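Please look over the model shown here before reading the notes on its fold, its hairpin, its surface and its confidence.

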Amino acid sequence: MSAGVAAGGTMRAAVWNARAALLYSVGGWTLLGAMLHYRSSSTDSGTESGGGPGNEGDPQANQGPHKEVFTRETPLGFQVTTVVTYRDDLPPITRLLRHVKSLFVSNDSPPSEN
């Protein structure tokens, strides 16, 4: 009788394992597909980030991202250089999350910037 109980527990574990694997694979492929779709849609629009022909005369718009370089020396004599880049546009994942959120929000107002 204990062999039947053990076989039933093993069967339940195998079913649970298969369901968990299915859930992770669906989530992974969904994330990959969303990122590929977002990348293709952002490269198709081209001038979405304000780098279009309307900003050619503005020197502030053509300046590019602001970079700060920090260099320090470790006690062992190695030099460590850190480059921090500040950009005016939002990180892509933030825009992707806001776009996904806008699909589920029913009001017509734009999402907040916070």
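The briefing below starts with the overall picture and then takes up single elements and residues.

This is a predicted model, in which local features need pLDDT of at least 70 and side-chain atom pairs count only at pLDDT 80 or more, while totals for chains, interfaces and linings use all residues. Residues are numbered from 1 along each chain as its sequence is written, and side-chain values use heavy atoms, with hydrogens and water left out. The protein has two helices and two strands, where helices (H or I, at least four residues) and strands (E, at least two) are DSSP runs numbered from the N terminus, and their pattern along the sequence is α-β-β-α.

**Overall fold and surface**

- Of the 114 residues in the protein, 5% are buried, a word that here means under 20% relative accessible area, with exposed standing for over 50% and partly exposed for the range in between (1.4 Å probe, protein chains only).
- The accessible surface comes to about 10100 Å², and carbon and sulfur atoms hold 61% of that area, as computed by the Shrake-Rupley method with a 1.4 Å probe, where for residues only the protein chains shown count as cover.
- Among contacts (heavy atoms within 4.5 Å) between residues at least 6 apart in sequence, 12% join residues at least 24 apart.

**The hairpin of β1 and β2**

- Strand β1 (residues 66–73) and strand β2 (residues 79–86) run antiparallel and are joined by eight bridges; strands are taken to pair if DSSP finds at least two bridges between them.
- Five residues lie between the two strands of this hairpin, and Gly-77 takes a positive phi near 95° there.
- Strand β1 is hardly covered, since the count of buried residues among its eight residues is zero.

- Val-69, which belongs to strand β1, counts as exposed because its relative accessibility is 54%.
- Not counting residues up to four places away in sequence, Val-69 touches Thr-81, Thr-82 and Val-83, and its C-alpha is 8.8 Å from that of Thr-85, a residue 16 places away in sequence.
- Thr-71 also has its place in strand β1, and, leaving aside its neighbours within four places in sequence, it is in contact with Gln-79, Val-80 and Thr-81.
- Thr-71 and Val-83 are twelve residues apart in sequence, with 8.7 Å between their C-alpha atoms.

**A nonpolar patch on the surface**

- Trp-29, Leu-32 and Leu-36 form a nonpolar patch on the surface, and together they have about 360 Å² of accessible area.
- Leu-36 lies in helix α1 (residues 2–45), and this residue counts as exposed because its relative accessibility is 52%.

**Confidence**

- The average pLDDT (the predictor's confidence in each residue, from 0 to 100) of the protein is 75, and 65% of the residues score at least 70.
- Confidence is highest in β1, at 89, and lowest in helix α2 (residues 92–104), at a mean of 78.
- Over residues 47–54 pLDDT stays under 50, and the model has three contacts beyond four places in sequence for them.
- Where pLDDT is low, the predicted coordinates should not be read in detail.

Definitions and conventions: Patch = residues over 30% accessible without salt bridge, like charges linked within 9 Å, V, L, I, M, F, W, Y side chains within 5 Å. Salt bridge = Lys/Arg side-chain N within 4 Å of Asp/Glu carboxyl O.
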